[in-house]
Amino acid sequence: MSKMINRGKELIRISPKDPRILEYSTNDGRVWMRRYKASSVQGDFEDLADNGKEILAICEKGTYYSTNEGKVWNRRNSR
């Protein structure tokens, strides 16, 4: 897994200044904008992975997935 992934025309990363924030760039990382701020339920983002139709995130308090480029996150239930 990684702190940054490439999703089509965007780079998505865990902010180097605040691990609760995801940022995105549409110009190869020259400018970064905030995409999402994690809640206390999720805790810090630790790793990201491109899993095809979804993004996976390992967070301080569990595994989460997003199907809309990281705008909304849902908890991945363990089985």
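Analyst: Two strands count as paired if DSSP finds at least two bridges between them, and the strands themselves are DSSP runs (E, at least two residues), numbered from the N terminus. The model is predicted, so to speak of local features pLDDT must be at least 70, side-chain atom pairs count only at pLDDT 80 or more, and totals for chains, interfaces and linings use all residues. Residues are numbered from 1 along each chain as its sequence is written, and side-chain values use heavy atoms, with hydrogens and water left out.

In β4, glutamate 23 has arginine 34 as its bridge partner, and four bridges join β3 (residues 21-25) to β4, the two running antiparallel. Both strands belong to an open sheet of four strands, in the order β1-β2-β3-β4 with antiparallel pairing. Its edge strands, each pairing on one side only, are β1 (4-7) and β4 (33-37).

In strand β1 we find arginine 7, which is buried, with a relative accessible area of 11% (buried means under 20%, exposed over 50%, partly exposed in between, with a 1.4 Å probe and protein chains only). The side chains of arginine 7 and aspartate 50 are joined by a polar contact of 2.6 Å, a term for a pair of N or O atoms within 3.5 Å, where within protein one must be able to donate a hydrogen and the other to accept it, and residues adjacent in sequence count only if both atoms are side-chain atoms.
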